[in-house]
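Dear colleague,

Please find below the structure that I am handing over to you. My findings follow it.

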Amino acid sequence: MSGLQPVRGTHDLLPEDSRRHRFVEETAFSIAKRYGYGEIVTPIFEFTEVFSRTLGETSDVVTKEMYTFADRSGDSITLRPEGTAGVARAFISGGLTQSLPLKVMYRGPMFRHERPQKGRLRQFHQVGCELLGVEGPQADIEVISMAWRILQGLGLGDKVQLEINSLGDAESRAAYRSALIAYLEPMRMTLSEESQARLDKNPLRVLDSKDEEDKRVVAQAPVMSDCMTPAAKEFFDQVTSGLTALGIAFVINPKLVRGLDYYCHTAFEFTTTALGAQGTVLAGGRYDGLIGQMGGPATPGIGWAAGVERLAMLIEDLPALDRPVSLIPMGDSVPAVVLADRLRAAGFTVDLGFSGNMKKRMARANKANARFAVILGEDELARNAVSLRDLDAGTQEEIPLAEVERRLGRE
Ligand code: ATP
Ligand code: MG
């Protein structure tokens with residue numbers, strides 16, 4: 001521990017950073033509202049088994065990334081590493097099982113003990129959605145198209161690429177699993193230690209390996225589409241034709257398997273080449289088995305989560321802030337405080353510097369991108385007047401104090 005340093009992999013969001021994060025979240029939420037999504041807020045910690053039982057024993061998250069601790073009652077608690085398990089738990093424990101389909105959005109911090117680097121933090125933020133209770137491919141099409149609309153709304157339409165794959169149904173997965181084991185087993189010794197362990201527990205996860213040698217082995221591996229049942233194929237065809245009908249471009253990536261174990265059928269990611277190694281900005285898929293596996297009634301589900309930090313880094317133009325009015329008191333500051341209060345009540349954004357000479361205060365007004373400065377000089381105040389300076393035009397005139405709102409454009 002080192003005193004006043006932030007914990008490695010965490011950071012403070014200063015106002016400019018927060019503004020980017022808010023823009024990402026608000027854009028996502030306002031677009032999702034048009035699709036009928038409401039916000040769900042679940043706790044940032046849950047009993048550990050909410051995650052360990054659902055995310056899969058071989059997932060990176062469960063094997064090495066969770067922040068788990070015993071609380072003062074001796075319960076094993078985990079800071080949430082992702083949002084879906086908590087939403088599924090809320091769905092079961094909150095008696096929402098009768099209100100299907102359920103469409104919810106969430107946002108907030110997630111915690112994973114990873115090696116920090118650009119775009120990879122230990123406390124990061126996600127915004128995500130879950131759609132529960134819809135079995136058919138129209139749900140997959142809708143959540144992907146909503147993601148696409150949100151990315152476009154953020155101005156990132158040209159920077160991201162949709163990759164999609166099908167993980168098939170249970171039968172397809174069983175067949176694929178056997179095919180993959182048959183292919184990988186003879187090469188077991190050339191695989192990384194981690195992939196050897198995955199080969200025993202969950203061979204599909206070998207496809208997700210980031211090890212270079214593993215990648216070479218995997219390049220020749222059989223692909224899921226060779227093993228898909230006609231029903232699973234049909235499902236995937238419907239998803240891809242829906243996307244085509246909506247004009248959403250995609251590439252099929254047969255190696256795309258999601259890191260968490262509960263996915264089936266559609267898996268997808270929006271990726272970018274603009275962020276180096278951490279190129280996935282939004283990822284999701286279908287998880288029909290999850291709710292049942294957690295002890296709830298069998299309920300299909302699909303959702304995605306986007307990394308807010310990664311999206312925030314990609315955004316070039318934020319919407320402009322309201323241009324403030326700068327008040328510059330030359331003597332007694334009380335009249336400025338009173339005028340500031342009056343203007344704020346009328347809806348203006350007012351910047352009131354608290355110290356410094358005229359020059360400093362004008363510099364502050366320019367830095368704040370103020371449109372007007374109102375200078376409150378003692379002589380003018382004695383005449384119930386102020387000076388209004390148009391900072392764009394560089395002109396200045398004396399006006400009655402009572403007329404400030406009107407001259408600033410609002411009565
Ligand atoms: P990766 O392969 O990058 O580790 P993942 O499969 O673990 O990603 P998901 O669990 O799908 O990621 O999370 C969805 C999104 O959340 C990711 O696409 C990414 O944008 C973001 N994300 C995940 N982990 C982190 C992290 N440690 N720091 C910042 N953003 C993250
Ligand atoms: Mg990860």
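**Nonpolar cores**

In this predicted model, the largest nonpolar core has 90 residues, and those touching the most other members are M105, V143, I144, F268, F270, L282 and W304. A nonpolar core is a set of buried Ala, Val, Leu, Ile, Met, Phe, Trp, Tyr and Cys residues joined through side-chain atoms within 4.5 Å; buried means under 20% relative accessible area, with a 1.4 Å probe and protein chains only. Helix α5 (residues 137-153) contributes the most to this core, with nine residues; helices are DSSP runs of H or I with at least four residues, strands are E runs of at least two, and both are numbered from the N terminus. A second, separate core of 17 residues includes V325, A340, F348 and V374.

**Ligand 1**

A polar side-chain atom of R112 lies 2.8 Å from an oxygen atom of the ligand.

**Domains**

The protein is divided into domain 1 (15-169 + 229-314) and domain 2 (325-408), with bounds from an automatic or database domain assignment. Their C-alpha centres lie 49 Å apart.

**Conventions**

Residues are numbered from 1 along each chain as its sequence is written, while chains are lettered from A and ligands numbered from 1 in the order in which they are written. Local features need pLDDT of at least 70, side-chain atom pairs count only at pLDDT 80 or more, and totals for chains, interfaces and linings use all residues, while side-chain values use heavy atoms, leaving out hydrogens and water.

Yours sincerely

Notes
Buried < 20%, exposed > 50% of the residue type's maximum accessible area, 1.4 Å probe, protein only. Polar contact = N/O pair within 3.5 Å; in protein donor to acceptor, adjacent residues only side chain to side chain.
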